[in-house]
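Please consult the sequence and the structure shown below while reading.

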Amino acid sequence: MKSTKVKIVLGAAVLFLGFLIRGKLEALYIDINASKAEVNTYDDGTRAGRELNYAENVPEDNKILQAFKEQFPAATVLVACEEDLTNDGHKDLVVVYNTPEADENSKYTELVNGGHVRLLVMIDSGDGEHYYHTEPIPAPVENQKIQFQNIDQKDEIEFVLQGQKGSKVGYGIYRVMGDAAVNLFGEGMEEC
């Protein structure tokens with residue numbers, strides 16, 4: 001009988017000690033991670049999280065944006081961000097816009113404010129004066145944001161397009177290949 005009571009007492013002591021050690025380790029883990037996390041409150045005050053480095057829109061007098069507006073006078077520019085995507089030493093312009101003009105993708109996309117939301121890249125031909133563009137492709141209809149990243153650490157710079165449609169959120173990683181902006185990888189873009 002004595003050996004059974006001793007075993008039970010020792011087992012209970014080991015369990016109790018285990019719970020104490022686990023509690024201390026959890027508290028230590030929380031303290032370490034809390035000191036690493038950078039929490040920011042956004043302007044609207046409703047969300048908090050780490051700060052993301054989205055590209056800024058170019059000013060209205062940007063020469064590539066002006067060339068876009070000449071080629072697409074009916075378009076409303078939603079986002080326009082500049083970077084050397086083709087690694088030729090000249091800035092290119094990623095443009096997300098709303099256009100009332102129909103295209104081959106119009107039957108698959110809904111109208112938003114009387115137009116279709118599209119993405120294209122205005123590419124500098126090399127002289128800083130003439131620009132050609134990639135084929136327009138569907139883009140998210142709300143909250144479009146662009147980030148430039150050299151994901152594969154090779155010549156061309158990729159860009160990440162993020163956006164949403166209602167509660168659906170998606171993103172795509174694009175690279176300019178020839179005269180097309182190619183979606184290399186993405187998630188949820190078809191729903192946005």
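## A salt bridge between K165 and E110

K165 and E110 form a salt bridge, in which the closest N and O atoms are 2.7 Å apart. K165 belongs to strand 9 (residues 158–165), while E110 sits in the loop between strand 4 (92–99) and strand 5 (116–124), so the pair ties together parts that are 55 residues apart in sequence. The model is predicted.

The two partners fall into separate accessibility classes. K165 counts as partly exposed because its relative accessibility is 31%, whereas E110 is exposed because its relative accessible area is 52%; the limit for the exposed class is over 50%.

## D152, R175 and their network

D152 forms a salt bridge with R175, and here the closest N and O atoms are 2.3 Å apart. This pair also links distant parts of the chain: D152 is in the loop between strand 8 (142–149) and strand 9, and R175 is in strand 10 (residues 168–177), 23 residues apart. Through salt bridges that share partners, D152, E158 and R175 are joined into one network.

Is R175 buried or exposed? R175 counts as buried because its relative accessibility is 15%, and buried means under 20%. D152, at 31% relative accessibility, is therefore classed as partly exposed.

Side chains of opposite charge can pair when their charged atoms come close. In the structure as a whole there are six salt bridges. One of them joins the side chains of E26 and R22, with an N to O distance of 3.2 Å. Both residues lie in helix 1 (residues 2–36), where they are four residues apart, about one turn of the helix. E26 is partly exposed, its relative accessible area being 41%, and R22 counts as exposed at 51% relative accessibility.

A nonpolar patch on the surface is formed by F16, L17, L20, I21, L25, L28 and I32, which together have about 700 Å² of accessible area. Of these residues, F16 is located in helix 1. F16 counts as exposed because its relative accessibility is 56%, and the exposed class requires over 50%.

Four strands make up an open sheet in the order 8-9-10-11, and their pairing is antiparallel. Strand 8 and strand 11 (180–187) are at the edges; each has a single partner strand, so one side of each is left without a neighbour in the sheet. From one strand to the next, the twist averages 25 degrees.

Over how many bridges do strand 10 and strand 11 pair? Their antiparallel pairing extends over seven bridges. Within this part of the sheet, Y171 has E187 in strand 11 as its bridge partner.

N62 is found in the loop between strand 2 (48–49) and helix 2 (63–71). The side chain of N62 reaches the backbone nitrogen of I64 at a distance of 2.9 Å. N62 counts as buried because its relative accessibility is 9%, and the buried class is under 20%.

Methods: Residues are numbered from 1 along each chain as its sequence is written. This is a predicted model: local features need pLDDT of at least 70, side-chain atom pairs count only at pLDDT 80 or more; totals for chains, interfaces and linings use all residues. Side-chain values use heavy atoms; hydrogens and water are left out. Helices (H or I, at least four residues) and strands (E, at least two) are DSSP runs, numbered from the N terminus. Buried means under 20% relative accessible area, exposed over 50%, partly exposed in between (1.4 Å probe, protein chains only). A polar contact is a pair of N or O atoms within 3.5 Å; within protein, one must be able to donate a hydrogen and the other to accept it, and residues adjacent in sequence count only if both atoms are side-chain atoms. A salt bridge is a side-chain nitrogen of Lys or Arg within 4 Å of a carboxyl oxygen of Asp or Glu. Patches are made of residues with over 30% relative accessible area and no salt bridge: like charges are joined within 9 Å, nonpolar side chains (Val, Leu, Ile, Met, Phe, Trp, Tyr) within 5 Å. Accessible areas come from the Shrake-Rupley method with a 1.4 Å probe; for residues, only the protein chains shown count as cover. Two strands pair if DSSP finds at least two bridges between them. Axes are lines fitted to C-alpha atoms, for helices over the stretch in contact, and angles run from 0 to 180 degrees between N-to-C directions.
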